[in-house]
Amino acid sequence: LVELIGTSQDEDTRMQAVDILEEIGQDNPVAIQALVELIGTSQDELTRCIAADILEEIGKDNLVAIQALVELIGTSKDEYTRMQAADNLGEIGKGNPVAIQALVELIGTSQDELTRCIAADSLGKIAKDNPVAIQALVELINTSQHEDTCREAADSLGKISKDNPVVIQALVELIRNSGDKF
């Protein structure tokens with residue numbers, strides 16, 4: 001299957017092999033590497049997204065898988081692909097500083113509110129007590145004009161740091177200002 005993914009020129013055949021890897025490749029470094037290579041070489045954004053989804057399924061806490069998703073966020077020009085990779089990182093990058101930094105940067109650079117919202121959600125899943133993530137989410141609350149994005153950032157702040165005075169102050173300010181803002 002791995003060889004087929006790497007050598008086939010037919011996207012349908014490659015995708016069928018990728019689907020089978022999802023069934024049998026749990027924590028298999030060869031399967032993970034094949035998906036990483038597919039993400040790096042495919043010109044088809046749907047193929048890259050599907051491979052990223054399967055990495056989420058078979059590569060939990062795998063540094064190679066996490067790095068591939070970080071690179072996908074940094075290199076893809078397709079906003080949906082970046083959004084999908086951010087969501088995938090939220091499932092496999094728990095506590096990983098590279099994953100956290102990639103999501104923080106995505107929040108700061110993306111012009112797409114849904115992407116920023118998904119990155120904020122992912123931080124809530126993986127960035128427990130991380131000061132860089134906390135600061136990014138506080139800034140997102142203070143700068144976004146979109147209610148859903150602010151709500152997701154607030155929710156994530158509550159998940160990653162319950163007793164932090166910065167978090168508490170940001171949430172209090174959000175409550176005070178939300179009547180005027182939304």
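This is a predicted model: local features need pLDDT of at least 70, side-chain atom pairs count only at pLDDT 80 or more; totals for chains, interfaces and linings use all residues.
Let's start with Thr149, which belongs to helix α10, spanning residues 147-160. Leaving aside residues up to four places away in sequence, Thr149 makes contact with Glu113, Arg116, Cys117, Leu140 and Ser144.

Arg116 and Leu140 turn up again where α8 and α9 meet. On the α8 side the contact uses Arg116, Ala120 and Leu123, while α9 brings Ala133, Leu137, Leu140 and Thr143. Sorted by class, that makes five nonpolar residues, one polar and one charged. As for geometry, the axes of α8 (residues 113-126) and α9 (residues 131-143) come within 11 Å, crossing at roughly 145 degrees. The handedness of this α8 and α9 crossing is left-handed.

Over to Arg82, which sits in helix α6, residues 79-92. Is Arg82 buried or exposed? Arg82 has a relative accessible area of 13%, and the cut-off for buried is under 20%, so it counts as buried. Again not counting residues up to four places away in sequence, Arg82 touches Leu72, Ile73, Ser76, Leu106, Thr109 and Ser110. Val166 lies 84 residues from Arg82 along the chain, and their C-alpha atoms are 29 Å apart.

| Residue | Relative accessible area |
|---|---|
| Arg82 | 13% |

Key. Residues are numbered from 1 along each chain as its sequence is written. Side-chain values use heavy atoms; hydrogens and water are left out. Helices (H or I, at least four residues) and strands (E, at least two) are DSSP runs, numbered from the N terminus. Contact means heavy atoms within 4.5 Å. Axes are lines fitted to C-alpha atoms, for helices over the stretch in contact, and angles run from 0 to 180 degrees between N-to-C directions. A crossing is left-handed if the near helix is turned anticlockwise from the far one by less than a right angle, and right-handed if clockwise. Ala, Val, Leu, Ile, Met, Phe, Trp, Tyr, Cys and Pro count as nonpolar, Asp, Glu, Lys and Arg as charged, and the others, Gly among them, as polar. Buried means under 20% relative accessible area, exposed over 50%, partly exposed in between (1.4 Å probe, protein chains only).
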